[in-house]
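I opened the model to look up a few side chains. My notes follow.

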Amino acid sequence: MQQEGNCTPLWPNTFDDHQLTSAHRLKQNQLMFDELAILNGSRLMLLAGISYTLWSLHGIFWRGWSVGEVFFWMWWELLLSGVSTTILVHRWLRLTKQPARPGDGAGGTAVALLIMLFFATLFTLLALGAEGVSIVKGTLGGFIGARELNMALIAFLFLLVHLMTAHGWRFPSITREQLSAPLMNRLWPVLGLYLVLICDHHWHGRHELDTSHAHQLLMGGSLLGLKLLLEVRQWLKVRVQA
């Protein structure tokens, strides 16, 4: 949070590029772990994804990583994963000729994505705003501009995984649940975070948004913690099926 007229954020080094180099390097690897691991049922890749999430939790609690940064990449991944999954579901239904139940086709996937993307956007703006990055202050554009290259690289990796999946020989044999798992592993943490914030809001009787450091850690810890639970569940599921 910033004082009136002061441009120094609560954590001055929050968006220091040198500090976040390791996080950015790991981010692209995690994308391949998340998508390919689930779609191919690889326990080793799933374990690597779990390790990354644990490292991210360590980063925000003990290494001063930016919570706003975590939320921003969560938002970007959710958008890309949602678009990719919607297209894949549509293609999978056409190839397998399986009838889609109401709300279970590509349209239902898109609607669920839009609803969760709305909340994810609010959470991201809240987390960034607490660290001095907002539309009102005119700092959001610079924040995104400094990350355009990383965003483009992540989008390319999503496109690569999308094409590998859509044109792979085992694509028709992939189950509907397996196809949607990467997206669902990003949707459920957002919904869970919403419930956590509702409970926190009523418990403390707040009537305004909390931008304290403790609340930032609550948001970041809840998001990554819920994501970790889903990754462990997925790993155990693949392990049992193996």
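Is I198 buried or exposed, or does I198 count as partly exposed? I198 has 33% relative accessibility, so I put I198 down as partly exposed (buried is under 20% relative accessible area, exposed over 50%, partly exposed in between, with a 1.4 Å probe and protein chains only).

The model is predicted: local features need pLDDT of at least 70, side-chain atom pairs count only at pLDDT 80 or more, and totals for chains, interfaces and linings use all residues. Residues are numbered from 1 along each chain as its sequence is written, and side-chain values use heavy atoms, leaving out hydrogens and water.

I placed I198 in helix 7 (residues 176–204). Helices are DSSP runs of H or I, at least four residues, numbered from the N terminus.

Next I searched the whole structure for salt bridges and found three. A salt bridge here is a side-chain nitrogen of Lys or Arg within 4 Å of a carboxyl oxygen of Asp or Glu.

I looked at E69 and R147, which pair at 3.0 Å, N to O. E69 sits in helix 3 (residues 67–96) and R147 in the loop between helix 5 (140–145) and helix 6 (148–166), 78 residues apart. E69 is buried because its relative accessibility is 4%. R147 is buried too, at 3%.

I then checked E77 and R186, whose closest N and O atoms are 3.2 Å apart. This pair joins helix 3 to helix 7 across 109 residues. E77 is buried at 4% relative accessibility, and R186 is buried at 7%.

Last, I noted E231 and K227, which meet at 2.4 Å, N to O. Both lie in helix 8 (residues 213–241), four residues apart.

Terms used
Helix = DSSP H or I, 4+ residues; strand = E, 2+ residues; numbered from the N terminus.
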